[in-house]
Amino acid sequence: MSDPKKHQDIDKETGVETTGHEWDGIKELNNPLPRWWLWTFYLCIVWGVGYMIAYPAWPLINGATAGVLGYSTRGEVAAEIDRYKEQNADLTSALAAVELASLGDDEALNRFAVAAGGAVFRTNCSQCHGSGAAGAKGYPNLLDDDWLWGGTIDDIAYTVNHGIRNETDLDAHWSQMPAFGDVLEKEEISQVVHYVMSLSSTEHDATLATAGAVIFDEQCSSCHGVNAEGDTSMGAPNLGDAIWLYGGDEATLTETVTYSRFGVMPAWGPRLTPSDVNAVAAYVHQLGGGE
Amino acid sequence: MTTPQPPKLFAPQEPIFPRRVSGFFRTLKWWIMAVTLGIYYLTPWIRWDRGPALPDQAVLIDMAHRRFYFFWIEIWPHEFYFVAGLLIMAGLGLFLFTSALGRVWCGYACPQTVWTDLFILVERWIEGDRNARVRLWKADWNFKKWRMRITKWAVWLLIAIATGGAWVFYFTDAPTLARDLVAGTAHPVAYSTIAVLTATTFVFGGFMREQICIYMCPWPRIQGAMMDDDTLTVAYRDWRGEPRAKKRLEGTGDCIDCMACVNVCPMGIDIREGQQMECITCALCIDACDDVMAKIGKARGLIDYLALADEPEERAGKPPKPVWKHVLRTRTVLYTTLWSLIGFGLVFALFIRADIDLTVEPVRNPQYIVMSDGSVRNTYTLRLRNKHGEPRDFEISLTSDAALQLSLEGFDTNVMTVAPDSTTQARVYVISAPQDAAATAGTTALRLWVEDVESGERAHRDTVFNGKDQ
């Protein structure tokens, strides 16, 4: 063993022993800590033991020890959600019973409906219609002023409740365009496609379009209307406007006419509460295209 | 041979019994204590009328509504740079005072010093001056000792409760909260805040005292880096005092080793050993020594505010340098200039800020949509701010080189009312006709305006319109 005296390095200025280490000429004095500091250390240990007893602490195979207070962050979130549900109970029941067309008259209820509807939309609708409700090919854009099945708030609520072309709900919107590939010749389809393109002032072949007008009148006008203005009672799109659900170019239109389309939407009435349906209808209605 | 004892790991706290002292610096400190404590305890009770919609408390940090009120000034969260500016000023102010006067903050204005001073005042009032307190400390725990100790602790506790209690009044309407606190209906946060601050005041002021400064506070260590040869600190003129002697003999210095400077020291140090980390420059030893010097018929200032640069000069027999020559130097002038510039900047910003304002957030999901007639529409979320105490009608408009139409969601006209002292969110649509350039271009610059219909006051924000060519 070495002589401990050898390691003792006394600072000349203060007469206090140093720790013996040196950093760039700087030595640390080995002054004793104040005793109360030691007590704070013991206090921390006591606190730590108390914490382990009171709160979740030891990780075990199937989760941590629960602690005698039974606290959990999940439980806190659940309690908070329940608290808000309770606070909003009056508004929620009012929203379930409201006459939707007059929802705008009740400013507070409308604000609640739009906020709640936004949450419902982002949870249940955004997967197809997009988080910004701008839709995608085959999934309608809900921001614009073009509606397949009507854009009043009641129309929207009906669509949400019953869905489109689903067999689980007899009241669902249902319409089916025939696949004209079985009915018309390829050339006739080309003619009618060019006629449809002419309706929205897209570049087209005028001769084909003229011939297509006759076919349109025979085959298409019963649903899409004589002027191709569409019909929301049967979900027939307006073919004269600038909005296309699947696309307005020649190839896409040919595909649509030949094979037809069959977009579906589930009925949300059985999955959501009446107030949630009304809320999401109010939300969609105020996105910028509601009628 | 005996093996040397290992050094002790822990040391007990040495009790300190500061003696009463009077003099110029003590009087100054009493005044500073009265003013700072007065400001602290009374400020929340000052009323300031701002009209029916706003609180009438002169100084109020309204966390719930995100407002800070200071007499006629109202700060909103987006104006937090005022707070940042004040903090920078506080920092520079500390640099200035430290480089000029050393740890003057510690000695005079630090809450730890002020409250400790107050607690020592109570202690002296109940238990007597230094000698009586030393005797009481040494005495057994008899009835008299218990009585005095409990009385002292009770008074300390009252002060501590008042201190913790005053703090919470800054955050909500003071008279209402005071009633709620007494009735037991105040928010638990109010009670727990008071409890914590009461405990810290009681323990820090009554028992920890100098321990806080020596072991907990980082400031004493930082300040060392800001001092220079001209910084004024409390020091002992050992060239005049030494060799010290209790008896006045030929060749002895002015110091009669009466220990007055040590006995009054709240930090328990001997200033004659030179400047040390524990010294908070409270200057009480100057008062104590001046008193003694007057009694023995010597000039004052054996212990005095001195700079390091004074020592060689005074040893050489030169007269003391006046204080202002130490204080006024490039460094302090520079700090003062910076400090004032930021101060002027903040005051300027305070006067030019508008009472109405808007922020614009373009909706980017989607960037644009095509309407059934082929026109292109962009949507913008606006936040309209009305800082007036009464409701205002705001008209929204746009200016752009391109032909763009604006409409405010939910309103037939582009005018909406914004409630007093609040922000309202609104949505505007901007539409470009199908044939117009903006509809087919990538982006088009535009400026959105908000105008107070009544006063014509207006504000604007620049944003862009997204066309089809993305």
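Ser407(B) stands opposite Tyr429(B), a residue of β13(B). This is a predicted model: local features need pLDDT of at least 70, side-chain atom pairs count only at pLDDT 80 or more, and totals for chains, interfaces and linings use all residues. Residues are numbered from 1 along each chain as its sequence is written, while chains are lettered from A and ligands numbered from 1 in the order in which they are written.

Strand β11 (residues 405-408) of chain B runs antiparallel to β13(B), and four bridges join them. Strands here are DSSP runs of E, at least two residues long; helices are DSSP runs of H or I, at least four residues long; both are numbered from the N terminus. Two strands pair if DSSP finds at least two bridges between them. Strand β13 (residues 422-432) of chain B is also joined to strand β9 (residues 376-386) of chain B. That pair is antiparallel too, with 11 bridges. Within it, Thr381(B) has Arg427(B) of β13(B) as its bridge partner.

## A four-stranded open sheet in chain B

Strands of a sheet pair through backbone hydrogen bonds, either parallel or antiparallel. Chain B has an open sheet of four strands, in the order β12-β10-β14-β15, with antiparallel pairing. β12 (415-418) and β15 (458-466) of chain B each have a single partner strand and stand at the edges, so one side of each lacks a neighbour in the sheet. From one strand to the next, the twist averages 30°.

Strand β10 (residues 392-399) of chain B pairs with β12(B) in the antiparallel sense, over four bridges. Here Asp393(B) stands opposite Thr417(B) of β12(B).

## Where chains A and B meet

The contact draws 21 residues from chain B and 25 residues from chain A. Residues are in contact if their C-beta atoms, placed from the backbone, lie within 7 Å. Three elements of chain B each supply at least two residues of the side that touches chain A: β1 (10-11), α9 (210-216) and β8 (369-370). That side of chain B divides into 12 nonpolar, seven polar and two charged residues. Ala, Val, Leu, Ile, Met, Phe, Trp, Tyr, Cys and Pro count as nonpolar; Asp, Glu, Lys and Arg count as charged; the others, Gly among them, count as polar.

A strand pair also links the chains. Strand β3 (residues 33-34) of chain A runs parallel to β1(B), joined by two bridges. Pro34(A) has Ala11(B) as its bridge partner in β1(B).

## Domains of chain A

The domain assignment of chain A gives domain 1 (89-169 + 271-285) and domain 2 (180-259). Such bounds come from an automatic or database assignment. Taken over C-alpha atoms, the centres of domain 1 of chain A and domain 2 of chain A are 31 Å apart. Nine residues of domain 1 of chain A contact nine residues of domain 2 of chain A. On the domain 1 side, these are four nonpolar, two polar and three charged.

UniProt lists residues 112-200 and 207-288 of chain A as "domain: Cytochrome c", in an unreviewed entry. UniProt positions are in the numbering used here, feature names are shortened, and annotations may be inferred rather than shown by experiment. Residues 112-200 of chain A are 47% helix and 0% strand, with end C-alpha atoms 40 Å apart. Residues 207-288 of chain A are 48% helix and 0% strand, with end C-alpha atoms 39 Å apart.

## Helix packing in chain A

Two packed helices are described by the angle between their axes and the distance between the axes. Helix α7 (residues 186-199) of chain A packs against helix α8 (residues 206-219) of chain A at about 100°, with axes 7 Å apart. Axes are lines fitted to C-alpha atoms, for helices over the stretch in contact, and angles run from 0 to 180 degrees between N-to-C directions. α7(A) is therefore roughly perpendicular to α8(A). Angles of 65 to 115 degrees count as roughly perpendicular, under 35 as roughly parallel, over 145 as roughly antiparallel, and the rest as oblique. Residues of α7(A) in this contact include His194(A) and Tyr195(A), and those of α8(A) include Ile215(A) and Phe216(A). The contact of α7(A) with α8(A) divides into eight nonpolar, five polar and one charged residue.

Helix α4 (residues 89-97) of chain A and helix α11 (residues 274-285) of chain A pack at about 75°, with axes 8 Å apart. In this contact, Thr92(A), Leu95(A) and Ala96(A) of α4(A) meet Pro274(A), Ser275(A), Asn278(A) and Ala279(A) of α11(A). These residues divide into four nonpolar, three polar and no charged.

Conventions:
Two residues are in contact if their C-beta atoms, placed from the backbone, lie within 7 Å.
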